[in-house]
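Here is a friendly note to read alongside the model. Take the points one at a time, and keep the structure open as you go.

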Amino acid sequence: MADLFPVKRALLSVSDKTGLVDFGKALVAQGVELLSTGGTAKALRSAGLEVKDVAEVTGFPEMMDGRVKTLHPVVHGGLLALRDDAGHVASMKEHGIGGIDLVVVNLYPFEETVAKGAEYAEVIENIDIGGPAMIRSAAKNHGFVSVIVDVEDYAPYLAELDANGGHTTYKMRQRLAQTAYARTAAYDTAVSTWMADAVGGTPRRRTFGGTLTQTLRYGENPHQSAAFYADGSSRSGVATAKQHQGKELSYNNINDTDAAFELVSEFDPADGPAVAIIKHANPCGVARGATLAEAYGRAFDCDRTSAFGGIIALNETLDAETAEAITGIFTEVVIAPDADADAVKIFAAKKNLRLLTTGGLADPAAARLALRQVSGGWLVQDRDVGRVSRDDLKVVTKRQPSEQEMKDMLFAWTVAKHVKSNAIIYVKDGATVGVGAGQMSRVDSTRIAARKAADMAEVIGLDAPLTQGSVVASDAFFPFADGLVTAAQAGATALIQPGGSMRDDEVIAAADEAGLAMVFTGMRHFRH
């Protein structure tokens, strides 16, 4: 097998016709004969290019609404034949099969069809069959045949032909083959994932796929390599956001920004502005306010120390007043649905600050999968989209919570879902005032959150910590009364927790003795 191989004949059949005409013209300029089908052939001919229909080559017309057109031995024989195998060459001559040296296919828009919410029948019609078959045939025979599945490869491929007198190198064909197999794998993943959702139940086989968005400088640490892959969904978030300024996002930036935006998306702008500040994937401050600037200030006051170098997410358009406040300390990333011109101008003076806009909030109730690799396999689960309303809460103490306590408990419960377990969140008047995350014991989280609130009271110059008169959310039940007692000593007046402990009666009795109100949700929010 020779390293360099000439390109004399190409088959083009694409749904995305971006750059198609220019690419076709460049191929013709290299002396390449063009074969094509349907709309692709029409687009090339409209540009004045000479194109031969695949039906003319196969002697078999397109049929069944285009379902059958390239599934033919003349096509696949032309792709799969080993050009240095005498038997293969003889078979080609005997059956009138001409070699095909290049296949350009980018498949029916299955993912886009699903994303727009199409009906089942329309989705089925957008499952490509002939395309993946040709891609796989060409990729398997990459010793001689090139296959292009991405528009981004048009330019480097033409450069390859120019540099090598109309020939391609084995290295180029090999690289294109790998990309092609990854594309068909991702395509089949999209189809199988959609069908798994449509059919329901737990599928016996699962696949996951993505497209490279960014090669990262390193992973969590400099000795780890990393990259960012998008799954093709149109859901608002870090993967689909527009970056306005600043250097490239790092692995940790992307992880933390996703955590921040998912949290702030829980708060409907119709209920008022909300801001979340994230550090190491945990919130160090979350608040509502009359204005976005006020919400930011209240979130910042929860833990000013941890907010330094953090990620800030907003549920409304970033304005100038809020932008000015944010620039008061070093911030890695700000993400919001949008930003006005004045805010963008203010941020422009901070060249290392990344600003991302998403065009909308993420739907916190949308069903998605969460996966984690373990030795020998994957753990897959539904993302935690659990929510509770006031009607879901069960008051288990003698004292009923006040209206403000009830509002704050629901706010705290929403935040708890986004804090690493064991999670304890103190909230007062729609703002977190203490967060305890990721401790091995719940009582330690309770103490740490209270201690951080006390530290902030000194920094801000308050007479008493804001935990005085606050409510507390616990992501899982209190196994003992000690955590509740610690919260009461910090000044908490009401608690929200799942309930379900063997010692619930003991915990309820401790709450009654302390004069606390407590509600059970019947739902927990472990986040490991």
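**Notes on the model**

1. Let's start with Pro73, which touches Gly78 and Ile97, leaving aside residues up to four places away in sequence; contact here means heavy atoms within 4.5 Å. Pro73 and Ile97 are 24 residues apart in sequence, and their C-alpha atoms lie 8.3 Å apart in space.

2. Pro73 sits in helix 4 (residues 73–80). Helices (H or I, at least four residues) and strands (E, at least two) are DSSP runs, numbered from the N terminus. Pro73 has a relative accessible area of 58%, so it is exposed (over 50%; under 20% is buried and in between is partly exposed, with a 1.4 Å probe and protein chains only).

3. This is a predicted model, where local features need pLDDT of at least 70, side-chain atom pairs count only at pLDDT 80 or more, and totals for chains, interfaces and linings use all residues. Residues are numbered from 1 along each chain as its sequence is written, and side-chain values use heavy atoms, with hydrogens and water left out.

4. How confident is the predictor? The mean pLDDT of the protein is 90, and 97% of its residues reach 70 or more; pLDDT is the predictor's confidence in each residue, from 0 to 100. Confidence is lowest in helix 3 (residues 54–58), with a mean of 70, and highest in strand 19 (residues 424–427), at 98.

5. Finally, look at helix 17 (residues 442–460), where Val443, Thr446 and Arg447 meet Asp482, Gly483, Thr486 and Ala487 of helix 18.

Definitions and conventions:
Axes fitted to C-alpha atoms, helices over the stretch in contact; angles between N-to-C directions.
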